[in-house]
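Please look through the structure shown below.

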Amino acid sequence: MGMFRRRRRPPHPRSRRGAGSLLFSFLFVAVFFGLAYLAGAGDSEAANATEPLKGESAKEGSFADMIDRALQKEFPESEQNGGETDPGGFNNSVAEKQAVLETVARVTTKKNETKEEKSFQFHDVFNLDNENRAEDIPTLIDRKDNVFIISNPKSKYPVLQLDLRLISDLVVVIVSATCGGIAFACAGQPVITGYLLAGSIIGPGGFRFISEMVQVETVAQFGVIFLLFALGLEFSTTKLRVVRAVAIVGGFLQIALFMCLCGVIASLCGGKTSEGIFVGAFLSMSSTAVVLKFLMEKNSINALHGQVTVGTLILQDCAVGLLFALLPVLGGTSGVLQGLISATKSLIVLCTFLAILSILSRTCVPWFLRLMISLSSQTNELYQLASVAFCLLVAWCSDKLGLSLELGSFAAGVMISTTDLSQHTLEQIEPIRNFFAALFLASIGMLIHVHFLWNHVDILLAAVILVIIVKTIVITLVVKGFGYSNKASLLVGMSLAQIGEFAFVLLSRASNLHLVEGKLYLLLLGTTALSLVTTPLLFKLIPAVIHLGVLLRWFTPDSNELGYKGDNIRSDSANKRVTLMIQGAHDS
């Protein structure tokens, strides 16, 4: 038995791991009971208001109290209440007399407490004001029935806010434009007509599927910007020099002729001369977006009549600032001298802006584009984004200087066209341009009230036919006066025979200045809308008109669009120099 002595087992030492686990458990229990105590303290304060000091003294010194004081020091009360006082807030605006107090109606959605069965309406499919919405965005209506949609509701903390109605409107516009384009493409018609009619169907004059017209039209404005940006990439300065005389001098001459003609007619008919001059300026505007879209589809941008047409359209965009300066003079709100000073200021700003862009296009732009190419070796994402940003930046600067967004976007394209990366940039921009162009044309269609056009189709159709005939004759004669052939002059005249979408802006400005009366406003509005609708039909008639001109021997069947009236007088070498210059510009 002595051999089998029982060994005494030593005590098991407590490991560090076990001590750490015990300490962590203790801290967890302490935090849990602390939070429970805080919750209980809150309930106790709500239930028993006679012992507030007891709860506060118990809370002091606790772990939760230290966290609360640290957060209070990090985030003071001023930041929790929205930071500094907004100078554009309600009280400050009223105190500084920057706003007028006015009664408005706040419209909110009524939710049915009793579940009543409602008859199905097709419009309800596109109406987001239903019980399934997480939160309702109310609207305000003033005494003049102007509808305001709250876009930035006041919040104590910065939160992600979504305008679901705008998303729904954009979905409706894009889907309807796609369906309209597909339908007209299958029928062998221009897709632009499908975009315009689709917009008129879903707009306020149709089924009223669109709730936020201003927001949709603002987003769609990018279509014009990218259209002109892509045009600037293709329209080099060498090509512009070929048609600069007829584009600049002829463009101003067309505007002046329309203004004088309408002013004289208004004076002879016993109307106001100022209204006649405005109508002439109104009718001289042509649709840049619609015409460019058709010229691109027909591959006529590089043709001579296409170059003259584009140059005239750009001149009209440049003249918008001058026309805006003329409106207060015609409306009687400012004197002639003040109008001349404003117009001179616009010309100086325009020349200075173009001079600065010319310098930048030779110095900074090539270096910037090469840098973006080097950084976009793997993917073109960064180069595409940089191109869009450059276009928008130049357009924004142009708008801030009192010029137009269209002029700035076109100038941005011309700046890049002077480099060897113009074609690459155009390939990156084309998908964006096509998308926003369709969105813009659909938004123009939303301004067309089908019911209004149908009720007054007789007088509006007669006005549109008269506008097309007069504009075609005047523009054709002006272009012919610069030595271009009969065919090229007629093509330019028919291409610019419609009233442009920018005329809506001129019309609204004139209405605010009380320059036009209500009846004339409706007549011009309906004529412009119907003119845009009939523009695709007018372009479809161009081949038939050209064939008729050949039969009437206005021009020979083999007449070259690059030819001029004096081709039979000029020597063959001169003709070859002109042809080679234009072809060389196209190759560049």
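**Rings, a kink, a patch and backbone angles**

Phenylalanine 209 is buried, with a relative accessible area of 8%. Here buried means under 20% relative accessible area, exposed means over 50%, and partly exposed lies in between, with a 1.4 Å probe and protein chains only. This is a predicted model, in which local features need pLDDT of at least 70 and side-chain atom pairs count only at pLDDT 80 or more, while totals for chains, interfaces and linings use all residues. Residues are numbered from 1 along each chain as its sequence is written, and side-chain values use heavy atoms, with hydrogens and water left out.

A pair of aromatic rings is described by the distance of the centres and the angle of the planes. Rings of Phe, Tyr and Trp (its six-membered ring) pair if their centres lie within 6.5 Å; planes under 30 degrees apart count as stacked, over 60 as edge-to-face and the rest as tilted. By this rule there are seven aromatic pairs. Phenylalanine 207 and phenylalanine 209 form a stacked one, with 5.6 Å centre to centre and 15° between the planes. Phenylalanine 207 counts as exposed, at 53% relative accessibility. The pair of phenylalanine 435 and phenylalanine 436 is edge-to-face, with 5.1 Å centre to centre and 75° between the planes. Phenylalanine 435 is partly exposed at 37%, and phenylalanine 436 is buried at 17%. Ring pairs also link Phe222, Phe226, Phe435 and Phe436 into a cluster.

Arginine 208 has a positive phi, near 60°. Most residues other than glycine have a negative phi. Arginine 208 is in the loop between α7 (191-202) and α8 (213-220), where helices (H or I, at least four residues) and strands (E, at least two) are DSSP runs numbered from the N terminus. Its relative accessible area is 58%, so arginine 208 is exposed. Asparagine 299 also has a positive phi, near 55°; asparagine 299 lies in the loop between α13 (288-297) and α14 (304-318) and is exposed at 70%.

Helix α24 (residues 518-551) has a kink of about 40° at threonine 534, shortly before proline 536. The bend at a residue is the angle between axes fitted to the seven residues ending there and the seven starting there. Arginine 553, with a positive phi near 60°, follows α24.

Leucine 160 is in the loop between β3 (147-149) and α6 (164-186). At 77% relative accessibility, leucine 160 is exposed.
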